[in-house]
Amino acid sequence: MKITETFIKGCFIIQPKIYEDNRGLFFESFKENDLEIAVGKSINFVQDNQSTSKKGTLRGLHFQKGEFAQSKLVNVPYGEVLDVVVDIRTESATYGKYFKIKLSSKNHTSLYVPRGLAHGFLSLQENTVFNYKCDNYYHNESEGGILYNDLELGIDWEHDNENLIISEKDRGLPSFKNLLL
Ligand SMILES: Cc1cn([C@H]2C[C@H](O)[C@@H](COP(=O)(O)OP(=O)(O)O[C@H]3O[C@@H](C)C(=O)[C@@H](O)[C@H]3O)O2)c(=O)[nH]c1=O
């Protein structure tokens, strides 16, 4: 398992070792001890989530505020996404910067998203399945978000923005400038 920190501190790319044989393949999709060594602290995941998305669906950018902030370990068991995280930690050297990566059922790559980052993804394939572990429970009242096409963030979603499938809630999210943490 190869774990590499991105230029956003505390955010890691996890690439498992793939074992292939005549039956198919095998890999370890989550290993607490390896992740904890990389992250440098203990992680206690308490909730697993899964969504299925049509091609061209964009979910995000989301986070939970305050005591309900969540770290997430995200991966794609079926299909492909363009996954995006934004550093919204005001004290961080990369505050306001984004990182993006393709996660798919072909590259078997996971991303560890620490607390203090907003997260979203664009489904690049029909019926893409998105799986993630969270280290804090869902708390509706603590939900926060940023508009996916915020001009200041300038995220290149590599997609024609006109034809995206986005929830009403996500279309109404505030700009980065008007973010209330
Ligand atoms: C996230 C979540 C949603 N829900 C409910 C609320 C709502 O009725 C329905 C759909 O919720 P949403 O529209 O917020 O789902 P979605 O847009 O897929 O939300 C997710 O987006 C990605 C980008 C993330 O980073 C996640 O943390 C999460 O915010 O599911 C839960 O019951 N538990 C949960 O943990």
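Mentor: Residues are numbered from 1 along each chain as its sequence is written. Because the model is predicted, local features need pLDDT of at least 70 and side-chain atom pairs pLDDT 80 or more, while totals for chains, interfaces and linings use all residues.

Trainee: What makes H62 count as partly exposed?

Mentor: H62 has 18 C-beta neighbours inside 10 Å. Buried takes 20 or more other C-beta atoms within 10 Å, exposed 12 or fewer, and partly exposed lies in between, with C-beta atoms placed from the backbone. So H62 is partly exposed.

Trainee: Why is Y132 called buried?

Mentor: Y132 has 21 other C-beta atoms within 10 Å, so it is buried.

Trainee: How do you know that H62 and Y132 gather at one spot?

Mentor: The unreviewed UniProt entry annotates H62 and Y132 as "active site", and such annotations may be inferred rather than shown by experiment. They span 71 residues in sequence, yet no two of their C-alpha atoms are more than 13.4 Å apart, so they gather at one spot.

Trainee: What surrounds the ligand?

Mentor: The ligand's surroundings include N49, R59, H62, H119 and Y138; a residue is near a molecule if its C-beta atom, placed from the backbone, lies within 6 Å of it. This shell divides into 2 nonpolar, 7 polar and 1 charged, where Asp, Glu, Lys and Arg count as charged, Ala, Val, Leu, Ile, Met, Phe, Trp, Tyr, Cys and Pro as nonpolar, and the others, Gly among them, as polar.
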